[in-house]
Amino acid sequence: MNRKRVLGYIFIVLSIVLAIIAIGLLQSLAKAVFGFFRIFTGTLTSEQLGYAIGTLIYWTAHFVLMFTFWKYGRRWTRKS
């Protein structure tokens with residue numbers, strides 16, 4: 001086994017762990033999505049606005065990492 005294949009399996013495991021975390025924090029994800037829509041109402045304080053934007057950035061990075069790890073993990077574990 002070469003390094004890329006081992007790294008591919010590690011990436012797949014990390015992607016699965018991130019997916020399980022996302023499922024476990026589904027309530028927090030829904031809260032972040034609704035918080036994003038509350039930004040446009042104009043009723044948030046600066047602290048709430050920062051929290052809403054921060055959680056949105058976190059969840060975006062979470063899903064980007066999850067899909068990136070899955071993509072490269074699958075690519076690097078294929079037989080050539």
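Q: How many helices and strands are there in the chain?
A: Three helices and zero strands. Both are DSSP runs numbered from the N terminus: helices are H or I with at least four residues, strands E with at least two. This is a predicted model, where local features need pLDDT of at least 70, side-chain atom pairs count only at pLDDT 80 or more, and totals for chains, interfaces and linings use all residues. Residues are numbered from 1 along each chain as its sequence is written, and side-chain values use heavy atoms, with hydrogens and water left out.

Q: What pattern does the chain follow along the sequence?
A: It reads α-α-α. The radius of gyration is 17 Å, well over the 12 Å that the globule rule gives for 80 residues, so the chain is more spread out than a compact globule. That radius is taken over C-alpha atoms, and the rule is 2.2 Å times the number of residues to the power 0.38.

Q: What does the C-alpha trace span?
A: About 55 × 20 × 15 Å along its principal axes.

Q: And how much of the chain counts as buried?
A: 22% of the 80 residues. Buried means under 20% relative accessible area, exposed over 50%, partly exposed in between (1.4 Å probe, protein chains only).

Q: Switching to helix H3: where is Arg74 found?
A: In helix H3. Arg74 has a relative accessible area of 40%, so it is partly exposed.

Q: Which helix is Leu7 in?
A: Helix H1, residues 3-24. Leu7 is partly exposed too, at 34% relative accessibility.
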